[in-house]
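Begin with the packing inside the protein, then move to the ligand and its surroundings.

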Amino acid sequence: MSTSLIKRWQQTLASMKQAEAQHQVSQPVTLLAVSKTKPSEMIRELAVAGQRDFGENYLQEALEKITALQDLKAKGVITWHYIGHIQRNKTRDIAEHFDWVQTLERDIIAKRLNEQRPDALPPLQVLIQVNIDDEDSKSGCTPEALPELVTLIKDYERLTLRGLMIIPATDSTDAFVRTQVLFNEIQARHHELTNWDTLSMGMSGDMAAAIAHGSTMVRVGSAIFGARD
Ligand SMILES: *Cc1c(COP(=O)(O)O)cnc(C)c1O
């Protein structure tokens, strides 16, 4: 057992609480523990301590951990989020093994996930990733393409559209502000989107600023698990 892992996790939760109090956030922010490159034993330790949501970027690695932690999944104490780039030929594995997908950026991918989501499972919870700083290197749809993508994705029966996700460039505060505007615009325009409740932004380095600007879910890797190799 590594007490330092639990300690860093508790410190992260405490920092979140502090930011929530400071900015008078009414709903508690969700902590997504980003466990890419880290072993399933660390995930198990955190899950047993009470951490529910885990994010993975690399499909093969994630599938191995999901299998190793099947018992926790069966008990309903762990929720898996896919936060990596989605290759078209990998959608079936994602649809069958994850609870959430945060990186939707094209309708063709949404269509495939919808078709491939097994009937025995609840709908896949999805976020649209927005390339908020219009960077060539980043995934995500452009802010201009977002309204049409929302109208397409919201009607898929095996997907539940929950909100937006961003990975900002360096000046993250400005990106947080612009994303919150987009999030609110969609909410105002689509009253039928009754599950529109998730704004996934903020990582180890800018978690508090994200919470200050309306984040409902922060994705934290290194601050909990330590630096990645
Ligand atoms: C790796 C990763 C994170 C976590 O980053 P840290 O800086 O280690 O907290 C969050 N979101 C995504 C999409 C990532 O790939």
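**Core and ligand site**

Beyond its neighbours within four places in sequence, Leu 164 is in contact (heavy atoms within 4.5 Å) with Leu 127, Ile 128, Val 130, Leu 146, Thr 179, Leu 182, Phe 183, Ile 186, Trp 196, Thr 198, Leu 199 and Ser 200. This is a predicted model: local features need pLDDT of at least 70 and side-chain atom pairs pLDDT 80 or more, while totals for chains, interfaces and linings use all residues. Residues are numbered from 1 along each chain as its sequence is written, and side-chain values use heavy atoms, without hydrogens and water.

Leu 164 is also among the residues with the most contacts inside the largest nonpolar core, which has 62 residues; Phe 54, Ile 128, Leu 146, Ile 153 and Ile 224 are others. Such a core is a set of buried (under 20% relative accessible area, 1.4 Å probe, protein chains only) Ala, Val, Leu, Ile, Met, Phe, Trp, Tyr and Cys residues joined through side-chain atoms within 4.5 Å.

Turning to the ligand, a polar side-chain atom of Asn 57 lies 2.7 Å from one of its oxygen atoms. For Ser 204, a side-chain N or O atom is 2.5 Å from a ligand oxygen atom. Arg 219 has a polar side-chain atom 2.9 Å from a ligand nitrogen atom.

Methods
Buried means under 20% relative accessible area, exposed over 50%, partly exposed in between (1.4 Å probe, protein chains only). A polar contact is a pair of N or O atoms within 3.5 Å; within protein, one must be able to donate a hydrogen and the other to accept it, and residues adjacent in sequence count only if both atoms are side-chain atoms.
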